[in-house]
Amino acid sequence: MAGNILIIVLVISEPQLHTPMYFFLCNLSCLDSCTVCTILPKMLASFLTGNGNISLWGCIAQFYCFASLTATQCYLLAMMSYDRYLAICKPLHYVSIMNTRLCIRLAAGSWINGFIGMSVFVILISGLVFCGPKDIDHFFCEITQIVKLSCSETKTIELMLTVFSSIFTLPPFIVTVASYIYIIKNIMRIPSTTGKKKAFSTCSSHLIVVSIFYGTLVLVYVVPKSEKLRALNKIFAVFYTVLTPLLNPMIYSLRNREMKEALRKFLKKCV
């Protein structure tokens, strides 16, 4: 939370960070902060008090917020990788292509796409009947666990879950991987060994975090379930709910020279 909020404050307050890359990073930090606020407070309260009760509609609301934010992040990460592709592979056209209007449209499209898409899915879930067991075997209201508790026929919901998950994970993941393949090809043309190492270091760290995020989502929601995968669902969930928001500020921003300089200026103003 501290790292993500710091990035948002710095990007808004420092004019030197008013660029497309930092605009997208600010959106990512906002998404990560909201995701953490959706899941961790209730989880920590349950651990501290021993009371893990939550109402049905509270559970559906938590799932809706989490799913919408996660879907938004899938597409936002793809937009960020496309931005880096343009900056590195088409530097002469970058400013004219990635203008303010396009940045706002790409970010707004990601947010709207995520929240509207999940609204349709939540409408389907709200029609389920719950009349049996009430214990969710998870640390938040995860959709596969909610569906498992329903007394209704759930084949349609399970099919829609696979379809929605595929739409919100596979296309942006393909765009992200394709962008980084072109970026790496371009990096290979850099004559300086030091320059190559620095560029590869940045790209590899980005790819690792993105792969962890998309990979665990695909394993949980897209790949056909085996007993071993079902047993690992909670562990995978930690990666995309807790680990990714923790790593994103460190990987994308706080190691960045411009961000460090902006932080120094900001601290001077405060002192």
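**Figure 1. The salt bridge between Asp 137 and Lys 234.** In this predicted model, Asp 137 pairs with Lys 234 in a salt bridge whose closest N and O atoms are 2.9 Å apart, a salt bridge being a side-chain nitrogen of Lys or Arg within 4 Å of a carboxyl oxygen of Asp or Glu. Asp 137 sits in the loop between α5 and α6 (143–148) and Lys 234 in helix α9, so the pair ties together parts that are 97 residues apart in sequence; helices here are DSSP runs (H or I, at least four residues), numbered from the N terminus. Asp 137 is partly exposed, with a relative accessible area of 49%, and Lys 234 is also partly exposed, at 35%, where buried means under 20% relative accessible area, exposed over 50%, and partly exposed in between (1.4 Å probe, protein chains only). Residues are numbered from 1 along each chain as its sequence is written, and side-chain values use heavy atoms, with hydrogens and water left out. Because the model is predicted, local features need pLDDT of at least 70 and side-chain atom pairs count only at pLDDT 80 or more, while totals for chains, interfaces and linings use all residues.

Figure 2. Side chains of opposite charge can pair when their charged atoms come close. The count of salt bridges comes to four, and among them is the one in which the side chains of Lys 269 and Glu 14 meet at 3.3 Å, N to O. Lys 269 lies in helix α10 (residues 257–270) and Glu 14 in the loop between α1 and α2, so this pair ties together parts that are 255 residues apart in sequence. Lys 269 is exposed, with a relative accessible area of 58%, whereas Glu 14 counts as buried at 3% relative accessibility. Another salt bridge joins Glu 261 to Arg 264, with the closest N and O atoms 3.0 Å apart. Glu 261 and Arg 264 are three residues apart in helix α10, and they are therefore separated by about one helical turn. Glu 261 is partly exposed at 32% relative accessibility, and Arg 264 is partly exposed at 47%.

Figure 3. Rolling a probe the size of a water molecule over the atoms shows where empty space is left. A search of the whole structure finds two cavities of 30 Å³ or more, and the largest cavity holds about 240 Å³ of space. Of the 16 residues that line the largest cavity, Ala 67, Met 118, Leu 161, Ser 165 and Tyr 221 are the closest to its centre. On a 1 Å grid over the protein atoms alone, a cavity is a set of points where a 1.4 Å probe fits but cannot get out, a pocket is an open set with protein on both sides within 12 Å along at least five of seven lines, and lining residues have an atom within 4 Å of a point. Helices α3, α5, α7 (155–187) and α8 (193–221) each supply at least two residues of this lining, and the largest share, six residues, comes from α3. By class, the lining has 13 nonpolar, three polar and no charged residues, where Ala, Val, Leu, Ile, Met, Phe, Trp, Tyr, Cys and Pro count as nonpolar, Asp, Glu, Lys and Arg as charged, and the others, Gly among them, as polar.

**Figure 4. The second largest cavity.** About 30 Å³ of space lies in the second largest cavity, which is lined by Asp 32, Thr 35, Thr 70, Gln 73, Phe 213, Tyr 240, Thr 244 and Pro 245. Helices α2, α3 and α9 (227–254) each supply at least two residues of this lining, with the largest share, three residues, coming from α9. The lining of the second largest cavity divides into three nonpolar, four polar and one charged.

**Figure 5. The second largest pocket.** The second largest pocket has a volume of about 570 Å³, a volume being the space filled by probe spheres set on grid points that are joined across faces, edges and corners. This pocket is lined by 24 residues, of which Gly 52, Ile 54, Cys 59, Lys 134 and Ile 136 lie nearest its centre. Both α2 (20–49) and α3 (56–89) supply at least two residues of the lining, and α2 gives the most, with four residues. The lining of the second largest pocket comprises 14 nonpolar, seven polar and three charged residues.
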